[in-house]
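Please consult the structure as each answer is read.

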Amino acid sequence: MKRSVDRILTTHTGSLPRPQKLVDLMFEKEQGNPVDVRQLAARVQESVREIVQHQHAAGIDVVSDGEMSKLSYATYVTERLSGFGGRSVLRKLSDILEHPNVASHYFNDPGVKLLNKNRPACNGPVVRRDTDDAETDIENFRLALEGVPVEEAFMTAASPGVVSMFLGNTFYKTEEEFLWAVAEAMKPEYEAIVRAGYILQLDCPDLAMTRHREFADRPVEEFRDYARRHIEVLNAATASVPADRLRVHLCWGNYPGPHHRDVPLEQIIDLVLTVRAQAISFEAANSRHAHEWKVFEKVRLPEGKILIPGVIESMSNRIEHPELVAQRLVNFARLVGRENVIGGSDCGFGTFVGVALVEPDIAWAKLRSLAEGARLASKQLW
(Lines give C-alpha, C1' and ligand atoms only; values in the text may rest on other atoms or scores of the structure.)
Protein backbone atom coordinates (compact mmCIF):
# COMPACT_ATOMS: atom_id res chain seq x y z
CA MET A 1 0.00 0.00 0.00
CA LYS A 2 1.44 3.34 -1.02
CA ARG A 3 2.10 5.99 1.61
CA SER A 4 2.25 9.77 1.31
CA VAL A 5 6.01 9.81 0.82
CA ASP A 6 6.49 13.13 -0.98
CA ARG A 7 2.94 14.53 -0.96
CA ILE A 8 -0.45 13.80 0.59
CA LEU A 9 -2.22 11.17 -1.48
CA THR A 10 -6.00 11.17 -1.98
CA THR A 11 -8.67 8.49 -2.13
CA HIS A 12 -12.31 8.06 -1.06
CA THR A 13 -14.53 5.45 0.57
CA GLY A 14 -15.44 3.40 -2.47
CA SER A 15 -18.93 4.02 -3.76
CA LEU A 16 -19.45 6.81 -6.29
CA PRO A 17 -22.45 8.28 -8.15
CA ARG A 18 -23.76 5.81 -10.71
CA PRO A 19 -24.70 7.08 -14.19
CA GLN A 20 -28.48 7.48 -14.44
CA LYS A 21 -28.81 4.90 -17.22
CA LEU A 22 -27.28 2.29 -14.90
CA VAL A 23 -29.49 3.36 -11.98
CA ASP A 24 -32.60 2.96 -14.14
CA LEU A 25 -31.67 -0.58 -15.15
CA MET A 26 -30.76 -1.64 -11.60
CA PHE A 27 -34.06 -0.24 -10.29
CA GLU A 28 -35.95 -2.27 -12.88
CA LYS A 29 -34.12 -5.41 -11.82
CA GLU A 30 -34.79 -4.84 -8.12
CA GLN A 31 -38.49 -4.22 -8.76
CA GLY A 32 -38.70 -7.63 -10.40
CA ASN A 33 -39.17 -6.33 -13.93
CA PRO A 34 -37.51 -8.13 -16.86
CA VAL A 35 -34.05 -6.77 -17.67
CA ASP A 36 -31.74 -7.79 -20.49
CA VAL A 37 -28.83 -9.38 -18.60
CA ARG A 38 -26.35 -8.63 -21.36
CA GLN A 39 -27.45 -5.01 -21.55
CA LEU A 40 -27.03 -4.62 -17.77
CA ALA A 41 -23.58 -6.23 -17.86
CA ALA A 42 -22.50 -3.92 -20.67
CA ARG A 43 -23.85 -0.89 -18.83
CA VAL A 44 -21.94 -1.84 -15.68
CA GLN A 45 -18.70 -2.26 -17.63
CA GLU A 46 -19.22 1.06 -19.37
CA SER A 47 -19.98 2.77 -16.04
CA VAL A 48 -16.82 1.42 -14.37
CA ARG A 49 -14.73 2.83 -17.21
CA GLU A 50 -16.50 6.20 -16.92
CA ILE A 51 -16.10 6.33 -13.13
CA VAL A 52 -12.37 5.55 -13.26
CA GLN A 53 -11.85 8.36 -15.77
CA HIS A 54 -13.86 10.76 -13.60
CA GLN A 55 -11.67 9.95 -10.58
CA HIS A 56 -8.50 10.53 -12.55
CA ALA A 57 -9.84 13.83 -13.90
CA ALA A 58 -10.74 14.91 -10.35
CA GLY A 59 -7.16 14.29 -9.19
CA ILE A 60 -7.83 11.24 -7.01
CA ASP A 61 -4.73 9.07 -6.57
CA VAL A 62 -6.11 5.79 -5.17
CA VAL A 63 -9.23 4.92 -7.16
CA SER A 64 -11.99 2.29 -7.05
CA ASP A 65 -14.56 0.81 -9.41
CA GLY A 66 -17.21 2.93 -7.65
CA GLU A 67 -19.19 -0.21 -6.70
CA MET A 68 -21.03 0.11 -10.02
CA SER A 69 -22.31 -3.49 -10.04
CA LYS A 70 -23.71 -3.44 -6.50
CA LEU A 71 -27.16 -2.39 -5.34
CA SER A 72 -25.55 -1.49 -2.04
CA TYR A 73 -22.26 -2.04 -0.27
CA ALA A 74 -23.84 -4.65 2.04
CA THR A 75 -26.87 -6.28 0.40
CA TYR A 76 -25.00 -7.25 -2.76
CA VAL A 77 -23.78 -10.35 -0.91
CA THR A 78 -27.25 -11.93 -1.15
CA GLU A 79 -26.63 -12.35 -4.88
CA ARG A 80 -23.35 -14.16 -4.21
CA LEU A 81 -24.13 -16.22 -1.12
CA SER A 82 -26.89 -18.73 -0.43
CA GLY A 83 -28.90 -18.65 2.79
CA PHE A 84 -30.79 -15.35 2.50
CA GLY A 85 -34.52 -14.87 2.05
CA GLY A 86 -37.62 -13.29 3.49
CA ARG A 87 -37.24 -9.88 5.13
CA SER A 88 -34.89 -8.69 7.84
CA VAL A 89 -36.32 -7.00 10.91
CA LEU A 90 -33.68 -4.93 12.69
CA ARG A 91 -33.52 -2.39 15.49
CA LYS A 92 -34.16 1.25 14.58
CA LEU A 93 -31.53 3.95 14.82
CA SER A 94 -31.92 5.60 18.22
CA ASP A 95 -30.92 9.09 17.07
CA ILE A 96 -33.46 9.23 14.27
CA LEU A 97 -36.27 7.81 16.44
CA GLU A 98 -36.11 10.96 18.54
CA HIS A 99 -36.87 13.03 15.44
CA PRO A 100 -39.71 11.26 13.58
CA ASN A 101 -40.04 13.92 10.87
CA VAL A 102 -36.41 13.36 9.89
CA ALA A 103 -36.99 9.61 9.90
CA SER A 104 -40.10 9.92 7.73
CA HIS A 105 -38.34 12.07 5.14
CA TYR A 106 -35.40 9.68 4.86
CA PHE A 107 -37.24 6.36 4.93
CA ASN A 108 -39.74 7.54 2.31
CA ASP A 109 -36.98 8.18 -0.19
CA PRO A 110 -37.70 5.85 -3.19
CA GLY A 111 -34.23 4.33 -3.09
CA VAL A 112 -34.33 3.69 0.66
CA LYS A 113 -37.85 2.18 0.41
CA LEU A 114 -36.71 -0.19 -2.34
CA LEU A 115 -33.63 -1.18 -0.35
CA ASN A 116 -35.63 -1.95 2.80
CA LYS A 117 -38.41 -3.71 0.89
CA ASN A 118 -35.95 -6.13 -0.71
CA ARG A 119 -33.59 -6.57 2.25
CA PRO A 120 -33.61 -10.25 3.25
CA ALA A 121 -32.35 -11.95 6.40
CA CYS A 122 -30.23 -15.05 6.83
CA ASN A 123 -32.70 -17.97 6.85
CA GLY A 124 -30.43 -20.88 5.91
CA PRO A 125 -26.81 -22.04 5.76
CA VAL A 126 -24.56 -19.29 4.34
CA VAL A 127 -22.45 -20.74 1.53
CA ARG A 128 -20.59 -19.14 -1.36
CA ARG A 129 -22.24 -19.93 -4.68
CA ASP A 130 -19.17 -19.09 -6.78
CA THR A 131 -16.79 -16.20 -7.42
CA ASP A 132 -18.09 -15.37 -10.91
CA ASP A 133 -19.60 -11.99 -9.96
CA ALA A 134 -16.47 -10.97 -8.06
CA GLU A 135 -14.26 -12.03 -10.96
CA THR A 136 -16.43 -10.02 -13.36
CA ASP A 137 -16.04 -6.93 -11.14
CA ILE A 138 -12.28 -7.45 -11.09
CA GLU A 139 -12.10 -7.81 -14.88
CA ASN A 140 -14.27 -4.72 -15.46
CA PHE A 141 -11.98 -2.73 -13.19
CA ARG A 142 -8.84 -4.05 -14.90
CA LEU A 143 -10.17 -2.99 -18.31
CA ALA A 144 -11.20 0.44 -17.00
CA LEU A 145 -7.73 1.09 -15.56
CA GLU A 146 -5.93 0.41 -18.83
CA GLY A 147 -4.17 3.56 -19.93
CA VAL A 148 -5.27 5.57 -16.88
CA PRO A 149 -2.31 6.70 -14.75
CA VAL A 150 -3.27 6.24 -11.09
CA GLU A 151 -1.13 5.71 -8.01
CA GLU A 152 -3.06 2.67 -6.80
CA ALA A 153 -6.44 0.95 -7.03
CA PHE A 154 -8.73 -0.60 -4.45
CA MET A 155 -11.95 -2.60 -4.37
CA THR A 156 -14.47 -2.83 -1.57
CA ALA A 157 -16.14 -5.88 -0.06
CA ALA A 158 -18.62 -6.41 2.75
CA SER A 159 -17.09 -7.41 6.07
CA PRO A 160 -18.69 -10.27 8.03
CA GLY A 161 -19.82 -7.68 10.58
CA VAL A 162 -21.67 -5.42 8.15
CA VAL A 163 -23.55 -8.43 6.74
CA SER A 164 -24.58 -9.39 10.26
CA MET A 165 -25.54 -5.81 11.13
CA PHE A 166 -27.35 -4.97 7.91
CA LEU A 167 -29.18 -8.20 7.13
CA GLY A 168 -29.61 -10.01 10.43
CA ASN A 169 -29.91 -13.68 11.28
CA THR A 170 -32.90 -15.96 11.84
CA PHE A 171 -31.14 -19.26 11.17
CA TYR A 172 -27.99 -19.65 13.28
CA LYS A 173 -28.25 -20.17 17.02
CA THR A 174 -25.98 -17.23 17.78
CA GLU A 175 -24.75 -14.13 16.00
CA GLU A 176 -21.21 -15.43 16.41
CA GLU A 177 -22.04 -18.60 14.44
CA PHE A 178 -23.54 -16.41 11.73
CA LEU A 179 -20.43 -14.20 11.65
CA TRP A 180 -18.07 -17.15 11.20
CA ALA A 181 -20.24 -18.59 8.42
CA VAL A 182 -20.24 -15.26 6.54
CA ALA A 183 -16.49 -14.91 7.06
CA GLU A 184 -15.83 -18.31 5.52
CA ALA A 185 -18.15 -17.58 2.61
CA MET A 186 -16.61 -14.16 1.86
CA LYS A 187 -12.94 -15.20 2.05
CA PRO A 188 -12.73 -16.25 -1.64
CA GLU A 189 -13.88 -12.77 -2.70
CA TYR A 190 -11.38 -11.06 -0.41
CA GLU A 191 -8.56 -13.22 -1.71
CA ALA A 192 -9.56 -12.78 -5.37
CA ILE A 193 -9.36 -8.98 -5.09
CA VAL A 194 -5.90 -9.07 -3.56
CA ARG A 195 -4.72 -11.77 -5.96
CA ALA A 196 -5.70 -9.46 -8.82
CA GLY A 197 -3.33 -6.82 -7.49
CA TYR A 198 -5.77 -4.45 -5.82
CA ILE A 199 -6.01 -3.13 -2.28
CA LEU A 200 -8.94 -4.71 -0.43
CA GLN A 201 -11.19 -2.40 1.60
CA LEU A 202 -13.67 -3.95 4.03
CA ASP A 203 -16.59 -1.79 5.17
CA CYS A 204 -17.09 -1.98 8.94
CA PRO A 205 -19.91 0.29 10.16
CA ASP A 206 -20.69 -2.40 12.75
CA LEU A 207 -17.68 -1.21 14.77
CA ALA A 208 -19.33 2.17 15.39
CA MET A 209 -22.91 2.45 14.11
CA THR A 210 -24.22 -0.53 16.08
CA ARG A 211 -23.60 1.36 19.32
CA HIS A 212 -26.58 3.68 18.67
CA ARG A 213 -28.74 0.93 17.21
CA GLU A 214 -28.61 -2.51 18.90
CA PHE A 215 -26.71 -1.21 21.92
CA ALA A 216 -28.39 2.18 22.33
CA ASP A 217 -29.76 1.38 25.80
CA ARG A 218 -26.96 -0.89 26.99
CA PRO A 219 -23.61 -0.22 28.70
CA VAL A 220 -20.76 0.77 26.42
CA GLU A 221 -18.72 -2.26 27.59
CA GLU A 222 -21.33 -4.60 26.13
CA PHE A 223 -20.91 -2.84 22.81
CA ARG A 224 -17.12 -3.05 23.11
CA ASP A 225 -17.38 -6.81 23.71
CA TYR A 226 -19.47 -7.04 20.54
CA ALA A 227 -16.85 -5.02 18.62
CA ARG A 228 -14.03 -7.23 19.92
CA ARG A 229 -15.85 -10.33 18.66
CA HIS A 230 -16.40 -8.73 15.25
CA ILE A 231 -12.73 -7.74 15.01
CA GLU A 232 -11.65 -11.27 15.94
CA VAL A 233 -13.74 -12.69 13.08
CA LEU A 234 -12.60 -9.96 10.69
CA ASN A 235 -8.94 -10.63 11.43
CA ALA A 236 -9.42 -14.37 10.97
CA ALA A 237 -11.29 -13.89 7.69
CA THR A 238 -8.40 -11.85 6.28
CA ALA A 239 -5.55 -13.91 7.73
CA SER A 240 -4.38 -14.85 4.23
CA VAL A 241 -4.39 -11.20 3.07
CA PRO A 242 -1.16 -9.26 3.75
CA ALA A 243 -1.92 -6.40 6.15
CA ASP A 244 -0.35 -3.92 3.73
CA ARG A 245 -2.94 -4.88 1.10
CA LEU A 246 -5.88 -4.28 3.43
CA ARG A 247 -7.78 -1.24 4.64
CA VAL A 248 -11.05 -0.93 6.56
CA HIS A 249 -13.71 1.78 6.69
CA LEU A 250 -15.20 2.81 10.02
CA CYS A 251 -18.61 4.47 9.80
CA TRP A 252 -21.37 5.80 12.05
CA GLY A 253 -23.97 5.54 9.28
CA ASN A 254 -24.21 7.42 5.99
CA TYR A 255 -27.73 8.71 6.56
CA PRO A 256 -29.03 12.26 7.20
CA GLY A 257 -29.88 11.91 10.89
CA PRO A 258 -28.86 14.01 13.91
CA HIS A 259 -26.14 11.51 14.91
CA HIS A 260 -26.10 12.89 18.44
CA ARG A 261 -25.92 9.32 19.78
CA ASP A 262 -22.80 8.35 17.80
CA VAL A 263 -20.22 6.64 19.98
CA PRO A 264 -17.18 8.95 20.38
CA LEU A 265 -14.08 7.83 18.51
CA GLU A 266 -12.08 7.92 21.74
CA GLN A 267 -14.27 5.12 23.17
CA ILE A 268 -13.48 2.70 20.34
CA ILE A 269 -10.17 3.74 18.78
CA ASP A 270 -8.14 1.28 20.90
CA LEU A 271 -10.22 -1.58 19.50
CA VAL A 272 -10.22 -0.29 15.92
CA LEU A 273 -6.42 -0.15 15.92
CA THR A 274 -6.29 -3.90 16.67
CA VAL A 275 -7.76 -4.61 13.22
CA ARG A 276 -4.90 -6.12 11.24
CA ALA A 277 -5.49 -3.81 8.26
CA GLN A 278 -2.71 -1.34 7.58
CA ALA A 279 -5.06 1.58 6.87
CA ILE A 280 -8.12 2.87 8.72
CA SER A 281 -10.63 5.05 6.85
CA PHE A 282 -13.06 6.98 9.05
CA GLU A 283 -15.40 9.98 9.23
CA ALA A 284 -13.60 13.19 10.21
CA ALA A 285 -15.29 15.97 8.22
CA ASN A 286 -18.93 16.09 9.29
CA SER A 287 -20.09 18.25 12.17
CA ARG A 288 -20.34 15.31 14.58
CA HIS A 289 -16.81 14.02 14.09
CA ALA A 290 -14.70 16.88 12.69
CA HIS A 291 -13.26 17.63 16.13
CA GLU A 292 -11.98 14.10 16.71
CA TRP A 293 -8.57 14.62 15.08
CA LYS A 294 -7.60 15.65 18.62
CA VAL A 295 -8.00 12.01 19.71
CA PHE A 296 -4.56 11.43 18.19
CA GLU A 297 -3.00 13.94 20.56
CA LYS A 298 -3.31 11.17 23.16
CA VAL A 299 -3.51 8.01 21.05
CA ARG A 300 -0.29 6.79 19.48
CA LEU A 301 -0.69 5.42 15.98
CA PRO A 302 0.89 1.93 15.86
CA GLU A 303 3.98 1.52 13.73
CA GLY A 304 3.09 0.96 10.09
CA LYS A 305 -0.55 2.07 10.35
CA ILE A 306 -2.05 4.64 7.97
CA LEU A 307 -4.98 6.96 8.64
CA ILE A 308 -7.47 7.87 5.90
CA PRO A 309 -9.54 10.60 7.55
CA GLY A 310 -12.62 11.87 5.77
CA VAL A 311 -11.89 15.51 4.95
CA ILE A 312 -14.97 16.03 2.77
CA GLU A 313 -18.53 15.20 3.82
CA SER A 314 -20.71 12.64 2.04
CA MET A 315 -24.13 13.86 3.21
CA SER A 316 -23.91 17.58 2.43
CA ASN A 317 -24.18 19.42 -0.88
CA ARG A 318 -21.88 22.13 0.44
CA ILE A 319 -18.51 21.93 -1.31
CA GLU A 320 -15.62 22.17 1.12
CA HIS A 321 -13.09 24.93 0.51
CA PRO A 322 -9.67 23.51 -0.39
CA GLU A 323 -8.13 25.55 2.43
CA LEU A 324 -10.37 23.75 4.94
CA VAL A 325 -9.43 20.38 3.42
CA ALA A 326 -5.76 21.31 3.72
CA GLN A 327 -6.22 22.42 7.33
CA ARG A 328 -7.80 19.11 8.25
CA LEU A 329 -5.05 17.11 6.58
CA VAL A 330 -2.30 19.15 8.22
CA ASN A 331 -3.89 18.62 11.65
CA PHE A 332 -3.64 14.86 11.24
CA ALA A 333 -0.22 14.92 9.60
CA ARG A 334 1.33 16.91 12.43
CA LEU A 335 0.06 14.40 14.97
CA VAL A 336 0.75 11.06 13.28
CA GLY A 337 3.30 11.92 10.58
CA ARG A 338 2.66 13.18 7.05
CA GLU A 339 3.59 9.83 5.47
CA ASN A 340 0.85 8.15 7.51
CA VAL A 341 -2.05 10.27 6.19
CA ILE A 342 -4.10 9.85 3.01
CA GLY A 343 -7.00 12.24 2.36
CA GLY A 344 -10.41 10.58 2.04
CA SER A 345 -14.16 11.12 2.21
CA ASP A 346 -16.43 10.54 5.18
CA CYS A 347 -18.35 7.79 3.41
CA GLY A 348 -19.54 6.83 -0.06
CA PHE A 349 -21.41 8.97 -2.58
CA GLY A 350 -23.33 6.01 -4.01
CA THR A 351 -23.91 3.80 -0.97
CA PHE A 352 -27.32 2.61 -2.24
CA VAL A 353 -28.60 2.68 -5.82
CA GLY A 354 -30.96 5.59 -6.28
CA VAL A 355 -30.18 7.28 -2.95
CA ALA A 356 -28.42 10.52 -3.88
CA LEU A 357 -27.73 12.44 -0.67
CA VAL A 358 -25.25 14.51 -2.65
CA GLU A 359 -25.91 15.56 -6.23
CA PRO A 360 -23.50 13.72 -8.55
CA ASP A 361 -22.01 16.90 -10.02
CA ILE A 362 -21.40 18.20 -6.50
CA ALA A 363 -19.84 14.90 -5.42
CA TRP A 364 -17.25 15.23 -8.19
CA ALA A 365 -16.67 18.88 -7.26
CA LYS A 366 -16.04 17.78 -3.67
CA LEU A 367 -13.47 15.24 -4.86
CA ARG A 368 -11.73 17.95 -6.90
CA SER A 369 -11.65 20.09 -3.77
CA LEU A 370 -10.15 17.14 -1.88
CA ALA A 371 -7.37 16.88 -4.47
CA GLU A 372 -6.71 20.64 -4.39
CA GLY A 373 -6.71 20.66 -0.58
CA ALA A 374 -4.17 17.83 -0.57
CA ARG A 375 -1.93 19.86 -2.87
CA LEU A 376 -2.16 22.84 -0.52
CA ALA A 377 -1.44 20.65 2.51
CA SER A 378 1.56 19.12 0.73
CA LYS A 379 3.05 22.57 0.15
CA GLN A 380 2.87 23.20 3.90
CA LEU A 381 4.21 19.80 4.92
CA TRP A 382 7.09 19.39 2.45
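Helices (H or I, at least four residues) and strands (E, at least two) are DSSP runs, numbered from the N terminus. This is a predicted model, in which local features need pLDDT of at least 70, side-chain atom pairs count only at pLDDT 80 or more, and totals for chains, interfaces and linings use all residues. Residues are numbered from 1 along each chain as its sequence is written, and side-chain values use heavy atoms, with hydrogens and water left out.

Q: What is the radius of gyration of the chain?
A: The chain contains 12 helices and 10 strands. For 382 residues the globule rule gives 21 Å, and the value for the chain is close to this, so the chain is as compact as a globular protein of that length. The radius is taken over C-alpha atoms, and the rule is 2.2 Å times the number of residues to the power 0.38. The radius of gyration of the chain is 19 Å.

Q: Which term describes how α7 and α9 lie to each other?
A: The axes of α7 (residues 160–167) and α9 (residues 220–237) come within 8 Å and cross at roughly 130 degrees. Axes are lines fitted to C-alpha atoms, for helices over the stretch in contact, and angles run from 0 to 180 degrees between N-to-C directions. Angles under 35 degrees count as roughly parallel, over 145 as roughly antiparallel, 65 to 115 as roughly perpendicular and the rest as oblique. The relation of α7 to α9 is therefore oblique.

Q: Which helix supplies the largest share of the lining of the second largest pocket?
A: A pocket is an open set of points on a 1 Å grid over the protein atoms alone, with protein on both sides within 12 Å along at least five of seven lines; lining residues have an atom within 4 Å of a point. The second largest pocket holds about 440 Å³ of space, and of its 19 lining residues the closest to its centre are K29, L40, V44, S69 and E79. α1 (20–30), α2 (37–58) and α6 (132–145) each supply at least two residues of this lining. The largest share, 5 residues, comes from α2.

Q: Which helix gives the most to the lining of the second largest cavity?
A: A cavity is a set of grid points where a 1.4 Å probe fits but cannot get out. The second largest cavity has a volume of about 50 Å³, a volume being the space filled by probe spheres set on the points, which are joined across faces, edges and corners. α6, β5 (152–158) and α8 (175–195) each supply at least two lining residues. With 3 residues, the helix that gives the most is α6.
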